[in-house]
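Here are my notes on this one, point by point. Have the viewer open while you read.

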Amino acid sequence: MPELPEVETVVRTLEYLIGGLRITKIDILYPPIVTGDNEAFSSVLINKRFTGFSRRGKYALYTIEDVVLMVHLRMEGRFYLVDAGTPIDKHTHAVFHLDNGKQLHYNDVRKFGRLEIVKPNEINVRLKLLGLEPFDPRLTGHYLKKMAGSRDIGLKTFLLDQRFVAGIGNIYADEICFCAKLHPESVVRKISLKRFNEIADCIKMIMSQAIADGGTTIRSYTSSLGVSGRFQLNLSVHMRKGESCRVCGQEIVKMRVSGRGTYVCQRCQKRIED
Ligand SMILES: [Zn+2]
């Protein structure tokens, strides 16, 4: 599932590819992919230009003049920019015709993604349950310690909860735990402020590195791959079961934490519990 860095990469790639272009026609091939009335969706967007590109948590926000197209890619959503007349893939659910002769295809094998029109002044209300962005200066050890409070949950579960920090998913939660040298099942109410300061630094560092890695994707975009935000990941633990830890050489193990595949170096990552 795309996490913050991947969504950021998708947004920046589309800004580069379609910024300023006007929508001339929209075909919605799988109606449930659009939240709300399909005809209203099309009529509010036609003849308008893509004027702004931003992101909040895992949501991409495309400003189209006076409205915002909010996109959540969920599991497999991706965009393709193709020439008009290109055959439509069976997993393409919406086609945006653009005034330069290109088409933006929204493709989603699992059909979990959603496209929705929101008024600019409603965005904050719609996304009010999201916690701070990783790069928000208010995201500090103090903030995390306060959010953790007396909660009896593990650190990974805490990091995945979008109400505390927005945009972290399964991959980067593992990487942040490794960076902070803490076991993903460490109980958050037992974690010290000093440790939370380190966790805050790790969140910012891991996310900015991942976004920087994504920058290369923007330059290497090819329409055959689509804009999915996926890129060559430079990971320390995630998906490295059986390989050696880059710090201590111990074998990385895979376990389940809150039902999610989780990768840990049991020597480097200290478990803080009761
Ligand atoms: Zn290690």
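1. A definition to start with: a nonpolar core is a set of buried Ala, Val, Leu, Ile, Met, Phe, Trp, Tyr and Cys residues joined through C-beta atoms within 7 Å. A residue is buried if 20 or more other C-beta atoms lie within 10 Å of its own, exposed if 12 or fewer, and partly exposed in between, with C-beta atoms placed from the backbone. In the largest such core here there are 64 residues, and Leu159, Ile168, Tyr172, Ile176, Ile199, Ile203 and Ile206 touch the most other members. Helix H7 (residues 193–219) gives the largest share, eight residues. Domain 1 (4–126) and domain 2 (141–264) both contribute, so the core lies between them.

2. Before going further, the ground rules. This is a predicted model, where local features need pLDDT of at least 70, side-chain atom pairs count only at pLDDT 80 or more, and totals for chains, interfaces and linings use all residues. Residues are numbered from 1 along each chain as its sequence is written.

3. Overall layout: the protein has seven helices and ten strands. Helices (H or I, at least four residues) and strands (E, at least two) are DSSP runs, numbered from the N terminus. The radius of gyration is 20 Å, close to the 19 Å that the globule rule gives for 274 residues, so the protein is as compact as a globular protein of that length. That radius is taken over C-alpha atoms, and the globule rule is 2.2 Å times the number of residues to the power 0.38. Along its principal axes the C-alpha trace spans about 60 × 40 × 30 Å. Buried residues make up 37% of the 274.

4. On the domains: the protein is divided into domain 1 (4–126) and domain 2 (141–264), with bounds that come from an automatic or database domain assignment. Their C-alpha centres lie 28 Å apart.

5. Contacts next. Two residues are in contact if their C-beta atoms, placed from the backbone, lie within 7 Å. Among contacts between residues at least 6 apart in sequence, 66% join residues at least 24 apart.

6. Have a look at helix H6 (residues 170–179). Nine of its ten residues are buried, so H6 is largely enclosed by the rest of the structure. The buried set includes Asp174 and Glu175, along with Tyr172, Ile176 and Phe178. After H6 comes Lys181, with a positive phi near 60 degrees.

7. Now one of the sheets. Four strands form an open sheet in the order E1-E6-E7-E5, with antiparallel pairing; two strands pair if DSSP finds at least two bridges between them. Strand E1 (23–28) and strand E5 (78–83) are at the edges with a single partner strand each, so one side of each is left without a neighbour in the sheet. Neighbouring strands are turned by 20 degrees against each other on average, direction ignored. E1 pairs with strand E6 (residues 92–98) over five bridges, and Ile26 has Phe96 as its bridge partner in E6.

8. Another open sheet of four strands runs E2-E3-E4-E8, again with antiparallel pairing. E2 and strand E8 (114–118) are the edge strands, each pairing on one side only. Strand E2 (residues 50–56) and strand E3 (residues 59–64) share six bridges, and Phe53 is partnered by Tyr62 in E3. These strands form a hairpin with two residues between them, where Gly57 in the turn has a positive phi of about 55 degrees. E3 and strand E4 (residues 67–72) pair over five bridges, with Ala60 bridged to Val71 in E4. The E3–E4 hairpin has two residues between the strands, and Glu65 takes a positive phi near 55 degrees.

Definitions and conventions
Axes fitted to C-alpha atoms, helices over the stretch in contact; angles between N-to-C directions.
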